[in-house]
Amino acid sequence: MTTLSLTKVNKTFGATHALRDVSFDVAPGERVALLGHNGAGKSTLMKIILGLFDADADTGGVQVVGAAPGSAQARRQVAYLPENVAFHPALTAREQIRYYLRLRGEPVAQADELLERVGLGHAARRRIGTYSKGMRQRVGLAQALIGKPRLLVLDEPTSGLDPVSRREFYAMLDGLAADGASVLLSSHALTEVEARTDRIVILSGGTLVANDSLANLRRSAALPIAIQVTAHRDSIDAVAAELGGTRHNGKMVSLSCSHDDKLARLGQVAALGEVIEDVEVLPPSLEDLYSHFSQRSPS
């Protein structure tokens, strides 16, 4: 059974169509990135999943861990982390997490373990009012992990985190996914999610314009692949002429090719032998793909 199933989800606010026939599933253990420009419909979709908004009556269906969004069964198994978390500044992190554990009917003794897990064990007894934004975000993540949720809905979850903390955060998500939790993550930090999600969902103007793995989206978009060849300085002109590339930076030649021509072009480079020092293949980035699919007119 899928953890999350959306079938032709529609949502209108007066004359504004926030979502139009949005359909996709999230499987157990899958990490899905939800991307889109401001106003694309991401927040509306997440609120429908959480049961904060009702989808329009003509919607095909929304199932969250086999239940209706916002139902008691769904709430028990879904966790949400907003971009800007808010906690009582006079409470310590330990007190705050113990409070949430009591609300969820979980043993309060788990508080220290949860805070240690998100890297706040050393500051568990400090007041949250003294925390940086990144530390408050970690308290929010500890709260989201209460009850071992089957679906995590995360809205810009690494906002305020430093690079090391971001890497640790995604490593934590990897572990949760390996244990079977599903992750739906909205983020504008495209370089982060590029390597740490299994599938990319892109909304544009309330319409689903892409839903596939990064590799499949690259094939579908058919954007050019860049190849950077580094050669001996005294051979660079000959290499550029032989490959039909553009020389720059003294000893580098830039080429571009289609996905189908990639192996043939690499074969040409390899045939030049010892004059070649290095080759780097640069496929279209997630930013390139996001721009491509977001600007494409929905069918």
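Hi everyone, let me start with the ground rules. Because the model is predicted, local features need pLDDT of at least 70 and side-chain atom pairs count only at pLDDT 80 or more, while totals for chains, interfaces and linings use all residues. Residues are numbered from 1 along each chain as its sequence is written, and side-chain values use heavy atoms, with hydrogens and water left out. Helices (H or I, at least four residues) and strands (E, at least two) are DSSP runs, numbered from the N terminus.

Let's begin with the hairpins. Strand β1, residues 4-13, pairs with strand β2, residues 16-26, in the antiparallel sense over seven bridges; for pairing, DSSP has to find at least two bridges between the two strands. If you want a spot to look at, Leu 6 stands opposite Phe 24 in β2. Two residues lie between β1 and β2 in this hairpin, and Gly 14 in the turn has a positive phi of about 65°.

Further along, there is another hairpin, made by β8 and β9, with two residues between them. Here Gly 205 sits in the turn, with a positive phi of about 60°. Strand β8 covers residues 199-204 and strand β9 residues 207-212, and they pair in the antiparallel sense over five bridges. Opposite Ile 202 you will find Ala 210 in β9.

Now to the open sheet. In what order do its four strands run? The order is β11-β12-β10-β13, and the pairing is antiparallel. At the edges stand β11 (246-248) and β13 (276-282), each with a single partner strand, so one side of each is left without a neighbour in the sheet. From one strand to the next, the twist averages 25°; axes are lines fitted to C-alpha atoms, for helices over the stretch in contact, and angles run from 0 to 180 degrees between N-to-C directions.

Within that sheet, strand β10, residues 225-231, pairs with β13 in the antiparallel sense over six bridges. One to click on is Gln 228, whose bridge partner in β13 is Glu 280. Helix α9 (residues 236-243) lies across β10, β11, β12 (252-257) and β13, and runs at about 10° to β12. Contact, by the way, means heavy atoms within 4.5 Å.

Helix α3 and helix α4 pack at an angle of about 120°, with their axes 9 Å apart. That makes α3 oblique to α4, as angles under 35 degrees count as roughly parallel, over 145 as roughly antiparallel, 65 to 115 as roughly perpendicular and the rest as oblique.

Who meets whom? From α3 we have Ala 93, Arg 94, Ile 97, Arg 98 and Leu 101, and they meet Gln 110, Ala 111, Asp 112, Leu 114 and Leu 115 in α4. By class, the contact of α3 with α4 has six nonpolar, one polar and three charged residues (nonpolar: Ala, Val, Leu, Ile, Met, Phe, Trp, Tyr, Cys and Pro; charged: Asp, Glu, Lys and Arg; polar: the others, Gly among them).

Which residue's side chain meets that of Asp 112 in a salt bridge? That is Arg 94, at 2.8 Å, N to O. The pair links distant parts of the chain, 18 residues apart, with Asp 112 in helix α4 (residues 110-117) and Arg 94 in helix α3 (residues 93-103). A salt bridge here is a side-chain nitrogen of Lys or Arg within 4 Å of a carboxyl oxygen of Asp or Glu, and by this rule the count comes to 10 salt bridges.

Helix α3 also packs with helix α5 (residues 133-144), at an angle of about 25° and with the axes 10 Å apart. That makes α3 roughly parallel to α5, and the crossing is right-handed. Ala 93, Ile 97 and Tyr 100 of α3 make the contact with Val 139, Ala 142 and Gln 143 of α5. The residues there divide into five nonpolar, one polar and no charged.

Definitions and conventions:
A crossing is left-handed if the near helix is turned anticlockwise from the far one by less than a right angle, and right-handed if clockwise.
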